[in-house]
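Open your viewer, load the model and keep the selection tool handy. We will go through it one stop at a time.

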Amino acid sequence: IERANFFLHNIVKVAKRGEKVEDRLISFLLHEPVPDGGQWDMLINLVNRYGVVPKSCFPESWTSESTSRMNFFVNGKLREYAKALKALVDSGASDEEINQKIVEQMTVIFRIVGICLGVPSETITFEYYDKSKTYNCIGPLTGLEFYQKHVKPYFNVDDKVCLVTDPRPSNPFGHVYEVEFLGNCVGGRRTLYNNQPADVLMKLAAESIKNGEPVWFGCEVSKRFASKNGLQDISAHDFENVFGVDMQLGLTKADRLIYGDSAMTHAMVFTGVSYD
């Protein structure tokens, strides 16, 4: 829902800059207005704004585990709404008129998502037995209160940073970068990337796991993933034996990024590391 609102405000912003629908920027934004997944800074925005609740207090729905149809409906409405907002901007409508239109549009988006995922209650009461089998009851609390009182003292999302390894010559290591229009909350934290060499990422990930903290990460999965064996490795498949040509390393990582042959496609968690 927040990301849909973020998208609509971005459409207004680029329309005011004079961008045309046919231009690459708006075409890219319209390609998938609200995709699944996201970036670490997006999670920080949501946790700091709404908090968290135990899974038992807001269980999964069928749609939360199979989101494609919901995304289809939401993205379709957002493209429709983008057209309406651009028309308002082009006609010289006031900011008040544009914001009122976004409120009307977001009412529909909220209803669609609420029907598909359910609407969480404003407060939760969490009952559980601790390790000594003593009954405990927490609440009623809002999700934000639950996070601040019972999660943040042990795991503060603001203490984490997002590291990437982008070897393109245009993005030297040792600098922080952001992608324009990539985010999920209007007025929220920007999506930032601290660019470091791959060996630094591997070293820090291993140290974090060794110290008892798993590591969230995103990478390109489908090309080099052998799902039945649970392997992610460029040698997992012998494509050269089939096609008689190298199918893996024809481009460097930098070239794959520049020529559109690679991108992060899936987020996962490292929970273990093996030392030789």
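Predicted model: local features only at pLDDT ≥ 70, side-chain atom pairs only at ≥ 80, totals over all residues.

**Stop one: around Asp166**

Is Asp166 buried or exposed? Its relative accessible area is 11%, and buried means under 20%, so Asp166 counts as buried. The side chains of Asp166 and Asn171 make a polar contact at 2.7 Å. To see who else is there, select Phe173, Asn195 and Leu257 too: along with Asn171, they are in contact with Asp166, leaving aside its neighbours within four places in sequence.

**Stop two: the domains**

Zoom out and give each domain its own colour: domain 1 (1-120), domain 2 (124-155) and domain 3 (158-270). Between the C-alpha centres of domain 2 and domain 3 there are 35 Å.

Next, turn to the second largest pocket, with a volume of about 370 Å³. To find its centre, select Phe6, Asn10, Lys13, Val186 and Gly187, the closest to that point of the 25 lining residues. Two elements give two or more residues to this lining, α1 (2-16) and α5 (95-117), and α1 gives the most, with 6 residues. Both domain 1 (1-120) and domain 3 (158-270) supply at least three residues to the lining.

Note on methods:
Residues numbered from 1 in each chain as written. Heavy atoms only, no water. Buried < 20%, exposed > 50% of the residue type's maximum accessible area, 1.4 Å probe, protein only. Polar contact = N/O pair within 3.5 Å; in protein donor to acceptor, adjacent residues only side chain to side chain. Contact = heavy atoms within 4.5 Å. Domains from an automatic or database assignment. 1 Å grid on protein atoms, 1.4 Å probe; cavity = no way out; pocket = protein on both sides within 12 Å on 5 of 7 lines; lining within 4 Å. Points joined across faces, edges and corners; volume = space filled by probe spheres on them. Helix = DSSP H or I, 4+ residues; strand = E, 2+ residues; numbered from the N terminus.
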